[in-house]
Amino acid sequence: MKKYSATHEYVTIEGNIATVGISAKAAEELGDVTYVELPEVGKKVKKGEVLCTIESVKSAEDIYVPLSGKIVEVNSDLEDQPEIINEDAENKGWIVKIEISDQSEIEDLLDEEPPM
């Protein structure tokens with residue numbers, strides 16, 4: 001199941017794990033991604049907090065936590081190849097995997113990406 005936040009993060013939910021990244025539209029708006037500041041594995045995060053920052057040739061943008069939980073994995077490929085986000089934002093360009101702590105928050109997500 002794929003959902004979107006109002007701030008253009010996507011969430012793919014499998015069981016109790018949410019894979020989180022930015023939408024293809026958001027990646028296009030950012031331009032060429034040059035750096036991704038990845039959070040630490042094991043960190044507890046709350047919906048609405050800043051998850052990480054993505055820097056591009058145009059700007060630096062905060063990425064927000066779409067679902068509360070604990071970070072169980074980060075996409076370490078992004079450390080050396082941040083451009084993966086531009087090439088395949090909603091698949092290979094995922095940022096983190098979160099073990100969901102509050103399943104009811106899924107209801108607040110959108111079925112389709114909002115307009116830019």
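Modeller: Let us begin with contacts: two residues are in contact when heavy atoms of theirs lie within 4.5 Å. The model before us is a predicted one. In this model, glutamate 113 touches Tyr4, His8, Ser23, Lys25, Ala26 and Glu90, not counting residues up to four places away in sequence.

Biologist: Where is glutamate 113 found, and does it count as buried or exposed?

Modeller: Glutamate 113 is found in the segment after strand S9 (96-100). A residue is called buried when its relative accessible area is under 20%. Glutamate 113 counts as buried because its relative accessibility is 15%.

Biologist: Which side chains make polar contacts with the side chain of glutamate 113?

Modeller: The side chain of histidine 8 is joined to that of glutamate 113 by a polar contact of 2.9 Å. Another polar contact, of 2.4 Å, is made with the side chain of serine 23.

Biologist: How is a sheet read, and in what order do the six strands of the open sheet stand?

Modeller: Strands of a sheet pair through backbone hydrogen bonds, in either a parallel or an antiparallel manner. In this case the order is S1-S2-S3-S9-S8-S5, with antiparallel pairing. Strand S1 (2-4) and strand S5 (44-45) each have a single partner strand, so one side of each is left without a neighbour in the sheet. Within the sheet, four bridges join strand S3 (residues 17-22) to S9.

Biologist: Which residues does UniProt list for "domain: Lipoyl-binding"?

Modeller: The unreviewed entry lists residues 17-99. The end C-alpha atoms of that span lie 5 Å apart, and the span is 19% helix and 42% strand.

Biologist: Which residues of the largest nonpolar core touch the most other members?

Modeller: A nonpolar core is built from buried residues joined through side-chain atoms. The largest one here has 30 residues, of which Ile22, Leu51, Ile54, Leu67, Ile85, Ile95 and Val96 touch the most other members. Elements giving two or more residues to this core include helix H1 (24-30), helix H3 (84-88) and strand S8 (69-74).

Biologist: How many salt bridges does the structure hold, and which parts of the chain does the pair of lysine 3 and aspartate 111 tie together?

Modeller: A salt bridge requires a side-chain nitrogen of Lys or Arg within 4 Å of a carboxyl oxygen of Asp or Glu. The structure holds three salt bridges. In one of them, the side chains of lysine 3 and aspartate 111 meet at 2.4 Å, N to O. Lysine 3 lies in strand S1 and aspartate 111 in the segment after S9, so this pair ties together parts that are 108 residues apart in sequence. Glutamate 90 and lysine 2 also meet in a salt bridge, at 2.9 Å.

Technical notes. Residues are numbered from 1 along each chain as its sequence is written. This is a predicted model: local features need pLDDT of at least 70, side-chain atom pairs count only at pLDDT 80 or more; totals for chains, interfaces and linings use all residues. Side-chain values use heavy atoms; hydrogens and water are left out. Buried means under 20% relative accessible area, exposed over 50%, partly exposed in between (1.4 Å probe, protein chains only). A polar contact is a pair of N or O atoms within 3.5 Å; within protein, one must be able to donate a hydrogen and the other to accept it, and residues adjacent in sequence count only if both atoms are side-chain atoms. Two strands pair if DSSP finds at least two bridges between them. UniProt positions are given in the numbering used here, feature names are shortened, and annotations may be inferred rather than shown by experiment. A nonpolar core is a set of buried Ala, Val, Leu, Ile, Met, Phe, Trp, Tyr and Cys residues joined through side-chain atoms within 4.5 Å.
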